[in-house]
Amino acid sequence: MQYPEWIWHNGAIKRWAEATTHVMAHALHYGSSVFEGIRCYQTPSGPAIFRLTDHNRRLLASARIYEMAMPYSVDEINAACREVVLRNGLSQAYLRPVAFRGLGGFGLSADTPTDMAVAAWHMGPYLGEGVLDDGIDACVSSWQRFAPNTIPAGAKAGGNYLSGQLVAREARRLGFGEGIALASTGLLSEGAGENLFLVIDGALHTTPVSAALLNGITRNSIIHLARDAGIDVVERDLPREYLYLCDELFMCGTAAEITPIRSVDGRAVGAGKPGPVTRRIQDLFFGLFDGTTPDRHGWLEPLEA
Ligand code: PMP
């Protein structure tokens with residue numbers, strides 16, 4: 001990764017090398033951070049940050065779940081996001097706002113002060129070059145997602161990503177592009193860092209928020225785009241075997257965008273290549289950024305507000 005020059009840290013723009021924290025920061029020991037991943041796209045009317053406000057609302061919601069005081073409002077964090085992209089001269093970027101319990105107070109229930117940073121850098125397809133066209137080979141992980149009464153999956157918190165690391169690392173070690181986890185119920189949950197959509201008889205089926213998953217903003221966008229286009233969407237519990245029976249399968253997330261899955265556990269999904277409904281959803285989604293899909297929901301927030 002090539003580091004950009006500037007980063008936003010606790011209210012000021014600093015040089016990348018100067019945006020550091022102490023080794024005794026609470027978050028480093030206990031996973032007590034909340035964060036977002038957001039993309040800025042080039043569009044015919046200039047760079048736009050996709051659902052910036054919705055992402056930063058989710059950031060505040062994640063902090064609220066953990067009773068973490070947030071020193072900045074959504075508007076202030078939106079402004080910090082814009083500032084760091086502009087300052088680095090980026091027009092296509094992945095943005096990473098992160099808020100964390102910093103230094104001062106060390107007990108588990110300590111009201112440690114919250115530090116905050118926003119980084120932005122150029123990022124291509126998260127799961128590898130060419131995957132948006134070709135699709136990936138996925139596997140079902142031997143690791144399950146955490147049960148809902150243990151760690152709230154609806155918070156995008158640093159500690160949750162220990163689970164994601166186990167799932168993703170196991171998949172890569174075994175030669176797969178990504179891992180899919182089951183919930184503690186044994187039913188399908190989501191990918192290591194992506195939500196799941198199955199195509200069955202032309203309709204989209206996606207696992208519900210009760211299945212230990214992050215309520216993804218890309219997932220929500222796809223639900224809207226599909227329904228706007230007359231494609232049925234069902235949020236429902238899905239057993240593992242549907243991965244082997246569905247006609248098409250894809251993963252989605254800010255980083256992964258819309259990545260087709262061509263096989264699971266070595267079994268071809270449908271025809272073993274990205275299918276027509278997946279392509280249609282990709283066209284609708286990426287069409288938001290080339291102007292071929294109208295932005296009916298006001299999701300494109302201009303970089304220069
Ligand atoms: N699930 C997990 C565990 C994730 O980390 C992500 C990426 N943030 C997603 C789903 C997709 O969420 P979003 O579309 O909001 O990026």
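## The largest nonpolar core and strand S7

In this predicted model, the largest nonpolar core has 27 residues, and among these Trp8, Val85, Leu95 and Met116 touch the most other members. At least two residues of this core are supplied by each of S1, strand S4 (38-41), helix H2 (52-65), helix H3 (74-87), S6 and S7, and the largest share, five residues, comes from H3. A second, separate core of 22 residues includes Leu127, Leu132, Ala138 and Leu182.

Leaving aside residues up to four places away in sequence, tryptophan 8 touches Ile13, Tyr72, Ala80, Glu83, Val84, Met116, Ala117 and Val118. Valine 118 is also the bridge partner of tryptophan 8 in S7.

Which residues of S7 point one way, and which the other way? Thr114, Met116, Val118 and Ala120 point one way from the strand, while Asp115, Ala117, Ala119 and Trp121 point the other way, and all of them are buried. Strand S7, which runs over residues 114-121, is accordingly described as mostly covered, with eight of its eight residues buried.

| Strand | Sense of pairing with S7 | Bridges | Residue and its partner in S7 |
|---|---|---|---|
| S1 (residues 6-9) | antiparallel | two bridges | tryptophan 8 and valine 118 |

Conventions: Residues numbered from 1 in each chain as written. Predicted model: local features only at pLDDT ≥ 70, side-chain atom pairs only at ≥ 80, totals over all residues. Heavy atoms only, no water. Buried < 20%, exposed > 50% of the residue type's maximum accessible area, 1.4 Å probe, protein only. Helix = DSSP H or I, 4+ residues; strand = E, 2+ residues; numbered from the N terminus. Pairing = 2+ DSSP bridges. Core = buried A, V, L, I, M, F, W, Y, C linked by side-chain atoms within 4.5 Å. Contact = heavy atoms within 4.5 Å.
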